[in-house]
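I opened the model to look up a few things. My entries are below, in the order I made them.

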Amino acid sequence: MPKILLVEDNEMNRDMLSRRLARNGFEVVIAVDGKAGVDMASSEKPNLILMDMSLPIMDGWEATRQVKANPQTAAIPVIALTAHAMVEDRQKAMAAGCNDFDTKPIELPRLLEKIKALLPTGG
Amino acid sequence: MAESFDSPRREGTFDADWTAVLRQHLAPAVEALRRDAERLVGSAKAASADYGADADKVRAACDRLAALITEIQTAPDAVNRGKLRHDLRTPVNAIKGYGEILMEDAGDASHVALEAEFRVFLRNADAILARIDALAIPPA
């Protein structure tokens, strides 16, 4: 079962998305701030990271940069999640090293397609 | 003006009276959604006690959105316009997220009528989201 690390500080967003991902066959581990997200990327070795960009302690852009700078976690695909649907937000996320970008409210079929496109074959 | 790559934004000048647009177009739609949420909570709880917690969250998010709309209309100059679109989208996020969970649960349990009600409700939530995205809020 593929493992997704969900880095999200909002409790309702965590609850909604983790339940729907689990229903679709994913194991979900959770971090509630950017620093914990970086740490759990190393400790949990997820197959993919869903990274909220507006996070406490360390924001999602910096957390992504650190994940991508660490040889142990650099290969983990990261999808940025944000409520800000501007072109420059996407560009900023990609510049930080994100592999893809999605906006809230989450359209689950769209997000699942992006997840499946980034997971290794058979994952 | 920056463009949203998800929803087209009106080009050109910002609407000088964006609060009138909010009052005339967004507020009535949000109030209708809030009334629908109230009714759906009753339908969901009647179908299964398991739906109660999520249904209450949908209703609470509708109430928050309606309260925010009222707050904006009451004191538009006090609003943080830089965060406004984010603040309006946040309760819609909860409405859609928990609404979709309930719709899926109802479908899995063959509560066909309830599933259909939620499908309509979620389409209306999508329409409100589109109106929020189209709202031409002047920069702070």
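**Ground rules.** I am working with a predicted model, where local features need pLDDT of at least 70, side-chain atom pairs count only at pLDDT 80 or more, and totals for chains, interfaces and linings use all residues. Residues are numbered from 1 along each chain as its sequence is written, chains are lettered from A and ligands numbered from 1 in the order in which they are written, and side-chain values use heavy atoms, with hydrogens and water left out.

**Strand S1, chain A.** Buried means under 20% relative accessible area, exposed over 50%, and partly exposed in between (1.4 Å probe, protein chains only). Lys3(A), Leu5(A) and Val7(A) lie on one face, Ile4(A) and Leu6(A) on the other.

I then checked its partners; two strands pair if DSSP finds at least two bridges between them. S1(A) pairs with S2(A), residues 27-31, in the parallel sense over 5 bridges. Leu6(A) stands opposite Ile30(A) there. From S1(A) the chain passes through H1(A), residues 11-23, to S2(A), and this β-α-β crossover is right-handed. Right-handed means that, with the strands pointing away from the viewer, the path from the first strand over the helix to the second runs clockwise. S3(A), residues 48-52, also runs parallel to S1(A), joined by 4 bridges. Val7(A) has Met51(A) as its bridge partner in S3(A).

**Chain A against chain B.** I found 22 residues of chain A in contact (heavy atoms within 4.5 Å) with 24 of chain B. The two chains bury about 2100 Å², 53% of it on carbon and sulfur atoms. That area is the accessible area (1.4 Å probe) that two parts lose on being put together, summed over both. Met16(A), Arg23(A) and Pro105(A) lose the most on the chain A side, together 28% of what that side buries.

I counted 8 salt bridges between the chains (a side-chain nitrogen of Lys or Arg within 4 Å of a carboxyl oxygen of Asp or Glu). Lys57(B) forms a salt bridge with Asp15(A), closest N and O atoms 3.7 Å apart. H1(A) gives the most to the chain A side, with 7 residues.

**Ala47(B).** Ala47(B) sits in H1(B), residues 18-47. It counts as partly exposed because its relative accessibility is 32%. Beyond neighbours within four places in sequence, I found Ala47(B) in contact with His111(B) and Leu114(B).

Methods: Helix = DSSP H or I, 4+ residues; strand = E, 2+ residues; numbered from the N terminus.
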